[in-house]
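Trainee: I would like to learn how to read a model like this one, feature by feature. Where do we begin?

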Amino acid sequence: WPPPWAERCPRRCGAPPAPLGGPDVWVYGYLPYWVDGVDAVPWDHVTHVAFFDVGLNSDGSLSSTSRWTSIAQELVSTAHGQGVKVHLTLTCFDDDVMDAILPSATQRAKVVQNVVNLVDAYDADGVSVDFEGMSASNRDGLVNLVAELSAAVDEVTVATPAVDWSGAYDYDALAAASDALFIMGYDYHWSGGDPGPVAPLYGGDPWSKYSIDWTIEDYITYGGPPERIL
């Protein structure tokens with residue numbers, strides 16, 4: 001004691017090692033609240049499960065927390081028994097809420113404490129931060145929130161866009177502040193746009209240049225370390 005993996009888990013030496021015989025790289029899956037129970041997870045094929053989701057209010061409080069509290073004990077116990085880590089997904093898709101929270105150190109501190117309370121109450125392993133449609137004015141605020149969460153929990157990932165149209169996501173700074181950037185590699189085409197593949201591996205005729213291949217190169221160009229890209 002401590003076991004050889006404990007130094008990777010400074011706050012929680014009881015956290016599980018990587019699954020024996022499982023993947024030797026991160027395989028990161030999301031378990032949405034509308035799926036029935038933990039049996040939906042292919043435990044042998046993942047290293048991490050992010051439960052989706054709890055929301056964020058403009059006063060720093062969290063919404064829909066019962067989604068997490070109703071399953072967290074069973075989820076964490078099952079996952080740890082399989083050598084899989086559990087993250088809680090914090091979401092925000094509302095510009096007004098992001099504008100109220102991200103520029104303010106005081107409001108960010110409230111969010112961090114509220115999230116940590118939920119993570120620690122069930123001995124979970126980290127947080128997935130999923131803030132979408134963010135304006136460039138909140139670029140630094142998101143980096144600060146991610147860094148502050150990283151100081152408070154063992155692991156933090158950030159869900160990041162396929163194409164950052166507004167220049168709002170600072171890839172290199174977010175990567176430095178977190179453990180991984182999870183590329184949301186879909187919605188290159190959507191129901192309101194021109195026909196095309198939702199998650200194309202490669203771009204070009206007859207489609208645009210935008211594709212998962214293009215996205216990964218874009219991340220690397222703007223400082224996203226390949227070893228931290230999921």
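**Reading the backbone and its surroundings**

Mentor: Ser64 has a relative accessible area of 33%, so it counts as partly exposed. Ser64 sits in the loop between β3 (62–63) and α1 (66–69), and its phi is near 55°, a positive value in a residue other than glycine. Keep in mind that this is a predicted model.

Trainee: Where is Asp123 placed, and what is its phi?

Mentor: Asp123 belongs to the loop between α4 (105–121) and β5 (126–131). Its phi is near 60°, again positive in a residue other than glycine. Asp123 is partly exposed, at 32% relative accessibility.

Trainee: In which sense do β1 and β2 pair, parallel or antiparallel?

Mentor: Strand β1 (residues 28–32) and strand β2 (residues 48–56) pair in the parallel sense, over five bridges. Tyr30 has Ala50 in β2 as its bridge partner. Four of the five residues of β1 are buried.

Trainee: How should I treat residues 1–20?

Mentor: Where pLDDT is low, predicted coordinates should not be read in detail. Residues 1–20 stay under 50, and the model has 33 contacts beyond four places in sequence for them. The protein chain averages 91, and 90% of the residues score at least 70.

Note on methods. Residues are numbered from 1 along each chain as its sequence is written. This is a predicted model: local features need pLDDT of at least 70, side-chain atom pairs count only at pLDDT 80 or more; totals for chains, interfaces and linings use all residues. Side-chain values use heavy atoms; hydrogens and water are left out. Buried means under 20% relative accessible area, exposed over 50%, partly exposed in between (1.4 Å probe, protein chains only). Helices (H or I, at least four residues) and strands (E, at least two) are DSSP runs, numbered from the N terminus. Two strands pair if DSSP finds at least two bridges between them. pLDDT is the predictor's confidence in each residue, from 0 to 100. Contact means heavy atoms within 4.5 Å.
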